Amino acid sequence: MARDRNLLITLSAATLLLGALAARVSTEWFSPSLFILVLLNGGLQLRMRSLAILVGAVAVSLVYIAAVLGVRPVTPGLLVTIGFTTVLGFLMARTRGKLGVQGLRGDAMLLELRDRLRRQGELPPLNRKEWGSRVVLKQAGGSSFGGDFLVSMRHGDILEVALVDVSGKGVDAGTRALMLSGTFGGLLGSVDSFLPACNAYLHRQPEGEGFVTAVHLRLDLSTGAYEITSAGHPPVVKFDAGTGTWQVSAAKGVVLGVVPDLHCEPDSGVLRKGDALMLYTDGLIEQPGRDIDSGLDRLLGEAERLVPSGFYDGARPLVNSMSAGHNDDCALILIWRP
């Protein structure tokens with residue numbers, strides 16, 4: 001409150017001084033258009049009531065200039081611009097009032113959340129001589145927030161990774177994804193049955209969170225043994241270096257939050273030298289007017305190019321190729337043994 005009051009006094013005094021200088025000295029050096037900057041500053045910093053007082057100070061200054069110099073310096077275009085700026089300032093002040101933040105702190109909070117999401121979307125460090133990994137997240141519309149997110153943790157030689165897809169896309173799904181990422185990240189590695197625990201959490205919520213699909217990978221980095229569980233998520237695919245082909249995982253389960261007791265049919269195996277696992281979201285294979293199976297076939301065809309170009313360098317072009325022509329959140333995780 002003290003900061004708001006002091007800023008109001010400063011801006012009001014500057015407004016009245018600017019009006020006096022414009023009327024008595026020169027409108028070229030002290031143009032009435034400078035009131036626009038004052039109002040923008042007030043819209044970014046002041047509370048609603050304080051902003052109203054500042055607008056009154058601007059009005060008094062404009063009336064004084066018109067009384068001394070006539071209406072010539074106070075043109076209709078200037079009045080329209082000041083009126084538009086005033087409305088914009090009140091909108092900004094109201095938004096900040098609802099958030100309970102001042103100045104540009106709201107934008108700083110969003111930037112911090114974006115950076116946290118990016119850090120969270122990174123896999124734990126792996127032994128580069130024995131393992132390789134690549135994560136590609138592409139949100140709809142180029143937004144920093146979306147409905148696809150990754151949570152992961154490593155405890156000794158055990159790596160756990162969960163790729164989650166919240167219904168919706170872009171910023172619309174970003175708020176739910178932000179909340180669930182913290183919850184799912186806390187559950188990962190803390191419970192024996194990760195997806196059933198996530199399902200129980202969603203089922204307890206008083207309001208539905210929409211459709212949420214997820215796939216969970218538990219990988220032993222010392223032996224290469226893995227287990228995959230899925231809840232309504234597109235199937236994981238495995239590259240078998242022995243045959244040179246991509247194989248579709250048999251893991252399946254119901255979408256999270258639909259039934260109180262989630263039953264998953266896991267799939268397990270061993271990653272040997274040259275093998276790879278690919279986890280992805282439906283944004284890569286699902287497009288309007290196209291069958292999901294045909295989308296999966298196209299993905300496997302595009303994935304064939306990963307072998308000669310390398311898994312790391314080929315991941316981003318694969319996502320760009322599969323997502324071309326439609327606007328949806330896309331995520332891809334590749335883990336392989338060199």
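Q: Why does C264 count as buried?
A: C264 has 14% relative accessibility. Buried means under 20% relative accessible area, exposed over 50%, and partly exposed in between, with a 1.4 Å probe and protein chains only. C264 falls under the cut-off, so C264 counts as buried.

Q: What kind of model is this?
A: This is a predicted model, where local features need pLDDT of at least 70, side-chain atom pairs count only at pLDDT 80 or more, and totals for chains, interfaces and linings use all residues. Residues are numbered from 1 along each chain as its sequence is written, and side-chain values use heavy atoms, with hydrogens and water left out.

Q: What makes C330 buried?
A: C330 has a relative accessible area of 1%. That is under 20%, so C330 is buried.

Q: How many disulfides does the structure hold?
A: The structure holds zero disulfides. A disulfide is a pair of cysteine sulfur atoms within 2.5 Å.

Q: Why are α1 and α3 called roughly parallel?
A: The axes of helix α1 (residues 2-24) and helix α3 (residues 48-69) cross at roughly 10° and come within 8 Å. Axes are lines fitted to C-alpha atoms, for helices over the stretch in contact, and angles run from 0 to 180 degrees between N-to-C directions. Angles under 35 degrees count as roughly parallel, over 145 as roughly antiparallel, 65 to 115 as roughly perpendicular and the rest as oblique. Therefore α1 and α3 are roughly parallel to each other.

Q: Which residues make the contact between α1 and α3?
A: Among them are L8, L11 and L16 of α1, with I53, L54 and V58 of α3. Contact means heavy atoms within 4.5 Å.

Q: What makes A214 buried?
A: A214 has a relative accessible area of 0%. The limit is under 20%, so A214 is buried. A214 sits in strand β4 (residues 212-220). Strands are DSSP runs of E, at least two residues; helices are runs of H or I, at least four, and both are numbered from the N terminus.

Q: Where does A214 lie relative to S230?
A: A214 and S230 are 16 residues apart in sequence and 6.0 Å apart in space, C-alpha to C-alpha. A214 touches S230, one of several contacts that leave out residues up to four places away in sequence.

Q: Why does T86 count as buried?
A: T86 has 15% relative accessibility. That is under 20%, so T86 counts as buried. T86 belongs to helix α4 (residues 76-99). T86 touches L39 and V55, not counting residues up to four places away in sequence.
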